[in-house]
Amino acid sequence: LACNINYMASHQLQDFIMEQTTTHYQTPVNCASLKVPTVNSVIWAQVSALMREKELRFQRVLKLVGAGITAFGQMVQGAPLSGTQQDMLALLCNAHFEINCIRKIAIKPTLNPCFAALCKSSNIQAPNFLFGEDLMKQVKDLEEEAKTIGLMKTPSARIPPRSFPIRRASDAGAGPSRGLPVVRRPYAPAYPNYNPNMAGRLRNSRSAMEVRVTDSVQGKSSGEQPPVGGRLQLFYDEWCCITSDLLILDSV
């Protein structure tokens, strides 16, 4: 048995053998879902020749899977199924459904993006047509849904104002009117990683920050020019107390 499985799984059957075999297992009347649904004529007229060739190959594979399920049904002949037989039937039927989903996904780039919902795998597969029996009704429903969504106003995400109470070095009498800002209290509502437990450490380090700013301003008066830009990096240690977000720390 293993040798037969390995051989048949690694070799392709000849076309005439497949045709003769599948003719013995025609789809039962009460199992319409095993039919190979054809592409709706409106969509089929729009697809390219290459897409049609791929679609015909999918239909061929789907026909083989359906014939295999029919052969399994004839084998059990209505007898109670064992656990293994139930698993076998479930896997074969799921493969049949997945192939139809892959067919829709392959044709999806041809459709208008507004009607991409027709290719959802959650849709129940119709037995006769790939995109449903009443395609025009589905298209109208999608158009009405799009109009309804367009009438609804999507609320924009409101960004809270960044309120950072600061005081300037000039307020402490440590420089000219263009003093550098010094954080008065740890308040950063705009950052989700703000840790209020670190507020004490930030308050304790405020004096170090003021000294650093004062030294920069005093350096200007002694002839050493402070940097025009990049002064935010002087407070990197304090930013580490406020947040652990690597993106914010890299920006600093």
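## Pro 37 and its surroundings

Leaving aside neighbours within four places in sequence, Pro 37 is in contact (heavy atoms within 4.5 Å) with Leu 62, Asn 100, Arg 103, Gln 125, Ala 126, Pro 127, Asn 128, Phe 129 and Leu 130. Pro 37 belongs to the loop between H2 and helix H3 (41-44), where helices (H or I, at least four residues) and strands (E, at least two) are DSSP runs, numbered from the N terminus. Pro 37 counts as buried because its relative accessibility is 1%; the term buried means under 20% relative accessible area, exposed over 50% and partly exposed in between, with a 1.4 Å probe and protein chains only.

## Basis of the description

The model is predicted, and local features need pLDDT of at least 70, side-chain atom pairs count only at pLDDT 80 or more, and totals for chains, interfaces and linings use all residues. Residues are numbered from 1 along each chain as its sequence is written, and side-chain values use heavy atoms, with hydrogens and water left out.

## Overall architecture

The chain contains 10 helices and two strands, arranged along the sequence as α-α-α-α-α-α-β-β-α-α-α-α. It has 252 residues, of which 26% count as buried. Among contacts between residues at least 6 apart in sequence, 62% join residues at least 24 apart.

The accessible surface amounts to about 17700 Å², with 58% belonging to carbon and sulfur atoms. Accessible areas come from the Shrake-Rupley method with a 1.4 Å probe, and for residues only the protein chains shown count as cover.

## The largest nonpolar core

A nonpolar core is a set of buried Ala, Val, Leu, Ile, Met, Phe, Trp, Tyr and Cys residues joined through side-chain atoms within 4.5 Å. The largest such core has 14 residues, among which Val 39, Ile 43, Ile 107, Leu 118, Phe 131 and Leu 135 touch the most other members. H6 provides the largest share of this core, three residues.

Beyond its neighbours within four places in sequence, Phe 131 contacts Val 39, Asn 40, Ile 43, Lys 104, Ile 107, Leu 111, Leu 118, Cys 119 and Gln 138. Cys 119 lies in the loop between helix H5 (83-107) and helix H6 (135-151). With a relative accessible area of 8%, Cys 119 is buried. Not counting residues up to four places away in sequence, Cys 119 touches Lys 104, Lys 108, Leu 111 and Phe 131. Cys 119 and Cys 101 are 18 residues apart in sequence, and their C-alpha atoms are 7.4 Å apart.

## Helix H4 and the second largest pocket

The lining of the second largest pocket includes Leu 13, Tyr 25, Leu 64, Met 88 and Leu 92. Helix H2 (15-23), helix H4 (49-76) and H5 each give two or more residues to this lining, and H4 gives the largest share, five residues. By class, the lining has nine nonpolar, three polar and no charged residues.

Helix H4 also holds Thr 70, which counts as buried because its relative accessibility is 5%.

A pocket is defined on a 1 Å grid over the protein atoms alone, as an open set of points with protein on both sides within 12 Å along at least five of seven lines, where a 1.4 Å probe fits; lining residues have an atom within 4 Å of a point. Ala, Val, Leu, Ile, Met, Phe, Trp, Tyr, Cys and Pro count as nonpolar, Asp, Glu, Lys and Arg as charged, and the others, Gly among them, as polar.
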